[in-house]
Amino acid sequence: MQMNREDLLQAYRRMRTIREFEERLHLEFATGEIPGFVHLYAGEEACAVGICMQLTDRDAIASTHRGHGHCLAKGVEVAGMMNEIYGRKSGLCGGKGGSMHIADLSKGMLGANGIVGGGPPLICGAALTAKVLKTGAVAVAFFGDGASNQGTTLESLNLASIWNLPAIFVCEDNGYAESTSSAYSVGGSQAGRAAGFGMPCHEVDGFDFFAVHDAAATAIARARAGEGPSMLHVRLSRYFGHFEGDATTYRAPGEVERLRAERDCIARFRKRVTEAALLDDADLDSADEAVTGEIEHAVADAKNAPLPSEADLLTDVYVAY
Amino acid sequence: MSKKSYRAAINEALRQEMRRDPTIVLMGEDIAGGAGAPGEQDAWGGPLGVTKGLLAEFGRERILDTPLSESAFIGAAAGAAATGLRPVAELMFVDFMGVCFDQIFNQAAKFRYMFGGRARTPMVIRTMYGAGLRAASQHSQSLYPIFTHIPGLKVALPSSPYEAKGLLIAAIRDDDPVIFFENKMLYDDEEEVPDEPYAIPFGEANLTREGDHATIVAFGRMVKLANAAADRLEKAGISCNVVDPRTTSPLDTGTILECVEDTGRLVIVDEASPRCNMAADISALVAQEAFGALKAPIQMVCPPHVPVPFAPNLEDLYVPSAERIEAAVRAVMAYKAREAA
Ligand SMILES: Cc1ncc(C[n+]2csc(CCOP(=O)(O)OP(=O)(O)O)c2C)c(N)n1
Ligand SMILES: [Mg+2]
């Protein structure tokens, strides 16, 4: 699949936006100003962006507790997200959801999710809608290696298979569910599970944007052609703790530093596109600068934005009651 | 006797019971942590460190880190309990009951009855509940009324470190399935807790404070808030009973009714959603059994019928507060004044 200059720049800019967003939140969380639980996606950017940049607003995705990257990759506004994370009325969910529940249905983003394994069944539903209404849309479930062991996930693989749904199951295997390694928790293999349910599985190097992009292109084309679901097993790594505040003592000393230095998906992307003379450093540097400014602005804005009003506590429970 | 936190009291109860009874096993996600990982084993001891340190003494044979598969491991606890083990399973947040409830309410809860009294299912599910951590709608609920509703389950709500240790030991020794609700805002609270093991019997309320004018019945963390409100009211010359039922199933209806007979005024404080919660349940009990003693309508201090919001200012409005409890007591007192006038 060929990507033009504009696509490449957009991919870079989105990955950098996610990285900057998450690194900034890491710092801001430490000041105590951000309420609740925050799970950062830094390190895994190539996966969300490599897939979502091939989707339109009509295509649905379901995310996880580690949802900021999926949102940004799907085109959800930085400012609305930042305001939500700070619990402001101007947040995408009016401050009622927070980091773990950011959603933007107008962008086909069905929500981050506080329940591990909550997303895959919803994606069967979104894929069913596409199929029944013949919209040509596809639906993508992102889920972790931990979530791959949830009954809801395994049942969804089966349902998507027997209903031949235009669904794509993306297992983001970062090696850990909280502090528990996937080497311990996953019986068999993701590919074996996909095969067991009669769908193809692509083994993907999640540090390589282009590998993700190509595998996703194949799975999306298959789904759009009505040929059924696929799985992507993407190996990648998270740079921060499970949540902000996790001391990550279960990881090997130097594990993250080594990955950052040797395999980082954004550094690798930059190297590849500049060496192939597809983009030059000046293009990328100016993208970096723009992203930094955007995040800086969003944080400053969110810190000063008004809180929800008392009356908001009681609204939005039902459409009508 | 020494000062212990709620967290430490629970940890000590587990350790002492596991030493006593080799059939006790613990299971749950990251209850030790680090399984199969290259770094520290026992890295977490549960998400808030409650089970930390047990791995070193009991090993991975008895401290079982599970995959993220609640239906399977909660069901496994029920199956193991029915066949000779005494499992204590951790359902990290009670909100996650959604993915494993069948194993609890159709399986574990009903074995004894369906099998004509021939089964025993001595399992405990420890779980965190409650608002206040800014953890939003899917990590903050107070779902104990749902479990209380199910015949065959017992439900405990420890309100302090002393209560936590004694009720957990009773839960572990109990031969029926017990859901043990730990309030996530209480883990760092400290008080004097005996070093030796002791069990607090289920179905015996704790009258945490005695008074003449009104009775406050409160559950879990709300007991602390009710006592704070009662302190303030005392200074204004209004003295209250504060009843901590300790368990919602079985429920000590006798103590509640006696207190209502004595004071004639009842305020119930319940952190659960207001429809079909404990406050509604006890209101029905009192209306039926002590109607004649009431000098004022019962006041229920509960959250509104909405999910728990994320924004801190909204969450603070959502949870019952000492101020709201105080206002409710003043309202039942004022009602009497109006009648007399
Ligand atoms: C049903 C359910 N069980 C447990 C949890 C607690 N929890 C939140 S994230 C998580 C680990 C998820 O691991 P994984 O799916 O690999 O995603 P990752 O965090 O690695 O991105 C756990 C156990 C939850 N939120 N929901
Ligand atoms: Mg993972």
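Okay, let's start with Val170(A): leaving out residues up to four places away in sequence, Val170(A) touches Cys47(A), Ile51(A), Val140(A), Ala141(A), Phe142(A), Leu232(A) and Val234(A). Contact here means C-beta atoms, placed from the backbone, within 7 Å.

Before I go on, this is a predicted model, where local features need pLDDT of at least 70, side-chain atom pairs count only at pLDDT 80 or more, and totals for chains, interfaces and linings use all residues. Residues are numbered from 1 along each chain as its sequence is written, with chains lettered from A and ligands numbered from 1 in the order in which they are written.

Back to Val170(A). In the largest nonpolar core, which has 207 residues, the ones with the most contacts inside the core include Val170(A), Val140(A) and, over in the other chain, Ile216(B). Domain 1 (2–193) and domain 2 (206–340) of chain B each give this core at least three residues; those bounds come from an automatic or database domain assignment. A core like this is a set of buried Ala, Val, Leu, Ile, Met, Phe, Trp, Tyr and Cys residues joined through C-beta atoms within 7 Å, and buried means 20 or more other C-beta atoms within 10 Å of a residue's own, placed from the backbone.

Now two buried residues of chain A. Glu84(A) sits in helix H4 (residues 78–85); helices are DSSP runs of H or I with at least four residues, strands are E runs of at least two, both numbered from the N terminus. Why is Glu84(A) buried? Because it has 30 C-beta neighbours inside 10 Å. Beyond four places in sequence, its contacts include Gly91(A), Leu92(A) and Ile102(A).

Met109(A) is in the loop between H4 and helix H5 (119–132). Met109(A) counts as buried because 25 other C-beta atoms lie within 10 Å. Among the residues it touches, again skipping those up to four places away, are Ile61(A), Lys74(A) and Asp104(A).

On to the interface: 40 residues of chain A contact 36 residues of chain B. On the chain A side, H7 (182–185) is one of the elements supplying at least two residues, and H7(A) has the largest share, three residues. By class, that side has 17 nonpolar, 18 polar and five charged residues.

Last stop, the ligand. Where is ligand 1? Between chains A and B. Of the 22 residues around ligand 1, those that come nearest include Val116(A), Gly144(A) and Ala177(A); a residue counts as near if its C-beta atom, placed from the backbone, lies within 6 Å.

Technical notes. Two residues are in contact if their C-beta atoms, placed from the backbone, lie within 7 Å. Ala, Val, Leu, Ile, Met, Phe, Trp, Tyr, Cys and Pro count as nonpolar, Asp, Glu, Lys and Arg as charged, and the others, Gly among them, as polar. A residue is buried if 20 or more other C-beta atoms lie within 10 Å of its own, exposed if 12 or fewer, and partly exposed in between; C-beta atoms are placed from the backbone.
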